[in-house]
Amino acid sequence: MEIIYNKLVRDNIPEIIKSNGGEPYFRKLNTDEYWEYLLKKDNEELEEVRTASSLEERKKELADKLELIRAMAEFNGFTLQDIINEADIKKEKRGEFQKRLLLEKVIEK
């Protein structure tokens, strides 16, 4: 049986498929394709976080999102720590999301 995926996968997936008796067909993406597939993968991972059926599953899906953020950062020449530092700067200036505030509207004077 042939299953078509056409999606970005982690580096060890071809070996895992082989060890399970499958025959993976894959190719290395060029630079432009890689960024586009990272963005597609981000949407996929967000949906998996959204539909996780337990906290444990949600934790695993969030870990996948974090690995994807690491890959996206490295693609752009940053480290994960660079991104965390930038997040900390924004947190200092603009705050966190701890208060769960929903801005409904602003009336400008």
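In this tour a residue is called buried at under 20% relative accessible area, exposed at over 50%, and partly exposed in between (1.4 Å probe, protein chains only). The model is predicted: local features need pLDDT of at least 70 and side-chain atom pairs count only at pLDDT 80 or more, while totals for chains, interfaces and linings use all residues. Residues are numbered from 1 along each chain as its sequence is written, and side-chain values use heavy atoms, with hydrogens and water left out.

**Whole chain**

Show the protein chain as a cartoon. Four helices and zero strands make up its secondary structure, where helices (H or I, at least four residues) and strands (E, at least two) are DSSP runs numbered from the N terminus. The radius of gyration is 19 Å, well over the 13 Å that the globule rule gives for 109 residues, so the chain is more spread out than a compact globule. That radius is taken over C-alpha atoms, and the rule is 2.2 Å times the number of residues to the power 0.38. Along the principal axes, the C-alpha trace spans about 65 × 35 × 25 Å.

Switch to a surface. The protein chain exposes about 10,100 Å², with 52% supplied by carbon and sulfur atoms; the area comes from the Shrake-Rupley method with a 1.4 Å probe. Of the 109 residues, 14% count as buried.

**Helix α2**

Select residues 31–50. This is helix α2, with 20 residues, and it reaches 29 Å from its first C-alpha to its last, close to the 28 Å expected at 1.5 Å a residue. The expected span is 1.5 Å times one less than the number of residues.

Now colour L38, K41, E45 and V49, the buried residues of α2. They cover an arc of only 75° around the axis, which puts them on the same side of α2; the arc is that of the directions from the helix axis to the C-beta atoms. These buried residues pack against α3 (55–75). Turn to the other side of α2 to find D32, N43 and R50 exposed.

**K65, on α3**

Select K65, in helix α3. Is K65 buried or exposed? Its relative accessibility is 16%, so K65 counts as buried. Apart from neighbours within four places in sequence, K65 is in contact (heavy atoms within 4.5 Å) with D42, E45, L46 and V49. Two of these, E45 and V49, are among the buried residues of α2.

**R10, before α1**

Next select R10, in the segment before α1 (13–19). R10 is partly exposed, at 45% relative accessible area. The side chains of R10 and D64 are joined by a polar contact of 2.9 Å. Such a contact is a pair of N or O atoms within 3.5 Å; within protein, one must be able to donate a hydrogen and the other to accept it, and residues adjacent in sequence count only if both atoms are side-chain atoms. R10 and E67 are 57 residues apart in sequence and 9.5 Å apart in space, C-alpha to C-alpha.

**Two backbone angles**

Most residues other than glycine have a negative phi. N6, in the segment before α1, has a positive phi of about 50° although it is not a glycine; N6 is exposed, at 61%. Finish at R100, in the segment after α4 (80–94). Phi of R100 is near 55°, again a positive value in a residue other than glycine, and R100 counts as exposed at 77% relative accessibility.
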